[in-house]
Amino acid sequence: MTPAARVQAAIGILDQYLGGLAAEQALTRWARGARYAGSGDRAAVRDHVFGALRRLRSDAALGGARTGRGLMLGALRRAAADPETIFTGAPYAPAGLSDEERQAGHQPEALAERLDIPDWLWPQFAASQGGTAEQAATALQSRAPVHLRVNHIKGDRDEAIAALAGDGIICEPHQEVDTALVVRQGSRRIRQSASYRDGLVELQDAASQAVVEALPLRDGMRVLDYCAGGGGKALAMAARARINLFAHDVSTDRMRDLPGRAARAGVKVSPLTTDEVAQSAPFDLVLCDAPCSGSGAWRRSPEGKWALTQARLDELVQIQGDILRLAAGFCAQSGVLAYATCSLLAVENVGQVSAFLGDQQAWRLGSQKAWAVQAGMDGFFAAHLTREI
């Protein structure tokens with residue numbers, strides 16, 4: 001595919017997204033009908049689409065329209081590329097620009113438009129991030145780095161770096177987390193590498209690893225990952241200490257791959273249904289990586305930025321509070337309740353912890369920490385709560 005043909009493919013996919021189809025579904029639909037597209041073409045089209053979704057407001061402003069053509073025109077103008085070299089009207093290329101399109105478009109004006117944050121959310125986002133709000137929003141406009149977690153049960157970081165290099169994947173140690181690697185080259189080869197297949201490494205953002213690194217894990221503990229999802233943090237916990245580890249998710253389907261992943265990693269994780277959690281309690285540590293806005297990971301899932309509404313945020317805050325109160329009942333005396341979100345919004349983080357402590361007099365705050373998205377990882381928050389009575 002020519003560069004122009006790739007842009008035209010992205011335009012069609014973006015129009016489907018703007019029409020209500022999920023971006024991944026639109027990409028899959030296109031790929032199935034474009035058997036001629038090689039892996040490099042598919043990757044380039046995907047990059048165009050997700051780049052436009054991260055900068056939906058600012059690219060629409062630059063391009064003069066919130067359409068596939070407008071977004072790609074805005075992206076080209078943002079990159080200081082000449083749109084006339086892409087919008088040529090040649091076979092498989094976008095149709096030539098009209099005079100109206102040439103004259104349309106403007107530099108983003110309002111701060112929220114320039115930073116690609118919904119207007120309704122910007123006051124909360126800015127208040128939550130304080131003096132670093134613009135840096136955080138700017139970070140969300142760019143592609144996320146690729147991080148790996150080294151499974152110390154199978155080897156150390158140096159061994160992983162060497163093994164991955166043999167498969168053409170170039171990594172270096174992450175400076176903040178002792179299990180994390182930053183992938184500099186060859187990220188699309190990871191899932192086919194021997195290191196991944198053999199369980200030496202897992203794909204996991206450094207902030208997620210840091211949340212686990214901060215947990216007070218020790219051998220012999222009974223630990224519950226209460227909102228386990230795919231089980232990434234459960235596997236990371238199992239690699240840090242010899243613990244009796246249990247995993248639960250309200251949607252058991254999300255954990256369907258966990259047994260296979262655990263076997264590959266050489267660890268044991270016992271999945272629990274909702275009814276079985278109460279029967280298996282108490283636990284020395286309960287981790288609640290709660291459902292949230294996902295705002296700290298919007299680089300990876302930019303659709304979430306535009307799908308979030310105030311009503312949905314309010315609903316998530318209610319769910320988080322319910323989870324915290326319920327999970328507190330599963331903790332042993334002097335047990336630790338760890339609450340985490342991949343959110344940049346205070347209402348889901350410090351606000352949630354404050355509300356819990358205001359209602360639950362038997363608990364105290366041990367520690368809390370936020371990881372900044374502008375530091376080269378997902379934005380994350382975690383707090384450790386301890387039962388006093």
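User: Before we start, what does "contact" mean here?

Analyst: Contact means heavy atoms within 4.5 Å. In the protein chain, residues 24 or more positions apart account for 66% of the contacts with a separation of 6 or more. Keep in mind that this is a predicted model, where local features need pLDDT of at least 70 and side-chain atom pairs count only at pLDDT 80 or more, while totals for chains, interfaces and linings use all residues. Residues are numbered from 1 along each chain as its sequence is written, and side-chain values use heavy atoms, with hydrogens and water left out.

User: How do you know what the radius of gyration of the protein chain agrees with?

Analyst: The radius is taken over C-alpha atoms, and the globule rule is 2.2 Å times the number of residues to the power 0.38. For 389 residues a compact globule would come out near 21 Å, and the protein chain has 23 Å, so the two agree.

User: What makes a residue buried, and what percentage of the protein chain is?

Analyst: Buried is under 20% relative accessible area, exposed is over 50%, and partly exposed is in between (1.4 Å probe, protein chains only). Buried residues make up 51% of the 389.

User: Why is something called a nonpolar core, and how many residues has the largest one?

Analyst: The name goes to a set of buried Ala, Val, Leu, Ile, Met, Phe, Trp, Tyr and Cys residues joined through side-chain atoms within 4.5 Å. The largest has 38 residues, and Leu217 and Met237 have the most contacts inside it. Helix 13 (232–238) and strand 8 (283–289) are among the elements that each supply at least two residues of this core. Apart from it lies another core, of 31 residues, including Leu21 and Leu71.

User: Which residues of helix 14 are buried, and what makes you say where they lie around the axis?

Analyst: Helices (H or I, at least four residues) and strands (E, at least two) are DSSP runs, numbered from the N terminus. In helix 14, the buried ones are Leu258, Arg261, Ala262 and Ala265. The arc is that of the directions from the helix axis to the C-beta atoms. Here it is only 100 degrees, so these residues sit on the same side of helix 14. Strand 6 is part of what covers them.

User: Why are strand 2 and strand 4 said to stand at the edges?

Analyst: Two strands pair if DSSP finds at least two bridges between them. This open sheet has 4 strands in the order 2-3-1-4, with antiparallel pairing. Strand 2 (170–173) and strand 4 each have a single partner strand, so one side of each lacks a neighbour in the sheet. Strand 1 and strand 4 have 3 bridges, in the antiparallel sense.
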